[in-house]
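Dear colleague,

Please find below the structure that I am handing over to you. My notes on it come directly after.

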Amino acid sequence: MQVLVQPDADSAVELVARIMAGALRDRPRLVLGLATGSTMEAVYARLCALHRYEGLDFSACRTFNLDEYVGLAADHPNSYRYYMNRHLFREVNIALKNTHLPDGTAADLEAECRKYEGLIDAAGGIDLQLLGIGRSGHIGFNEPLSAIHSRTRVEWLAAATVEQNAPHFKNGTSMPRQAMTMGVGTILDCRRCLLLATGPDKAEILARAVEGPITAMVPASALQLHADCLVVADEAAASRLKGKQDYELAFHNDPKWQRILRPAPTTSPARR
Ligand code: F6R
């Protein structure tokens with residue numbers, strides 16, 4: 001695991017978007033794993049801007065989202081399909097047939113979960129998985145006690161998650177208590193993981209995930225087992241990390257990240 005702390009949420013978001021854009025430029029047929037939630041809205045806004053103003057091309061890209069609420073149809077404003085269409089898919093040149101989320105209204109949810117795993121396999125696996133972290137310690141909707149080897153399945157949401165997400169459900173719509181989620185094992189199989197955490201609400205749980213023991217009680221701590229996982233945090237979310245300075249040094253001295261730290265100029269140099 002590597003950790004990079006940015007001074008504020010905007011620069012953390014900018015960096016994450018730039019890493020994703022770089023991966024897409026390097027491999028146009030990239031298989032991207034996507035997340036939803038408040039933190040990611042700014043990342044998608046940035047990716048949309050990169051598409052609009054710098055021609056970032058999504059036409060060959062395939063995507064798999066982490067999760068979907070059980071019982072919410074694609075046209076429900078709280079469904080994650082609706083969120084993705086609104087924040088990214090409708091704004092860039094991606095073919096909707098190349099975008100995947102589990103179907104929370106499937107008659108046989110277990111069969112739908114197996115099908116989802118099969119679709120990921122058929123796409124050759126996920127190249128780069130974007131992740132947030134919930135106050136419960138979840139990644140995707142893998143709540144405390146999720147097995148490290150778990151696969152896509154139906155999960156009951158933890159009380160902390162209901163508290164975190166219920167405010168998004170307006171006009172008397174009640175929040176589903178179950179969701180379909182890629183498993184922790186499914187996430188660990190992704191070739192690269194990129195976790196973004198911003199804001200003081202995430203400080204304590206991020207410290208437990210990064211520096212605490214690997215435990216099913218903090219599903220995000222399983223990312224310590226991943227060989228290629230970058231955590232990007234703003235100062236507020238990183239405020240409880242004890243080893244912050246060591247992580248900075250390691251990151252800035254790693255040649256792999258030099259291209260990201262020194263981005264190419266956005267305007268082309270004047271012709272001579
Ligand atoms: C949702 C997901 C979740 C969120 C997490 C943080 O697809 O993957 O793990 O990333 O709940 O959500 P926000 O950003 O709303 O705090």
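Predicted model: local features only at pLDDT ≥ 70, side-chain atom pairs only at ≥ 80, totals over all residues.

Residues are numbered from 1 along each chain as its sequence is written, and side-chain values use heavy atoms, with hydrogens and water left out.

**Overall fold**

The protein chain contains 10 helices and 10 strands; helices (H or I, at least four residues) and strands (E, at least two) are DSSP runs, numbered from the N terminus. The C-alpha trace spans about 65 × 40 × 40 Å along its principal axes. Of the 272 residues, 55% are buried (under 20% relative accessible area, with exposed over 50% and partly exposed in between, for a 1.4 Å probe and protein chains only). Among contacts (heavy atoms within 4.5 Å) between residues at least 6 apart in sequence, 78% join residues at least 24 apart.

**Aromatic pairs**

Rings of Phe, Tyr and Trp (its six-membered ring) pair if their centres lie within 6.5 Å; planes under 30 degrees apart count as stacked, over 60 as edge-to-face and the rest as tilted. By this rule there are eight aromatic pairs. In one of them, the ring centres of Phe-64 and Tyr-116 are 5.8 Å apart and the planes stand at 75 degrees, so the pair is edge-to-face. Because Phe-64 belongs to strand β3 (residues 62-65) and Tyr-116 to helix α4 (residues 109-122), the pair ties together parts that are 52 residues apart in sequence. Phe-64 is buried, at 1% relative accessible area, and Tyr-116 is buried with a value of 1%.

Tyr-80 and Tyr-83 also form an edge-to-face pair, with ring centres 6.4 Å apart and planes at 70 degrees. These two residues are three apart in helix α3, and therefore separated by about one helical turn. Tyr-80 is buried at 9% relative accessibility, and Tyr-83 is buried at 10%. Both belong to one aromatic cluster, formed by Tyr-44, Tyr-69, Tyr-80, Tyr-83, Phe-141 and Phe-169.

On a 1 Å grid over the protein atoms alone, a cavity is a set of points where a 1.4 Å probe fits but cannot get out, and a pocket is an open set with protein on both sides within 12 Å along at least five of seven lines; lining residues have an atom within 4 Å of a point. Grid points are joined across faces, edges and corners, and a volume is the space filled by probe spheres set on the points.

The largest pocket holds about 850 Å³ of space. It is lined by 40 residues, of which Gly-37, Ser-38, Tyr-80, Asn-165 and His-168 are the closest to its centre. Helix α3 supplies the largest share of this lining, five residues.

There is one cavity of 30 Å³ or more. The residues that line the largest cavity are Ile-19, Leu-128, Arg-192, Cys-193, Leu-194, Asp-228, Leu-230 and Trp-257, and strand β9 (residues 192-197) gives the most, with three residues.
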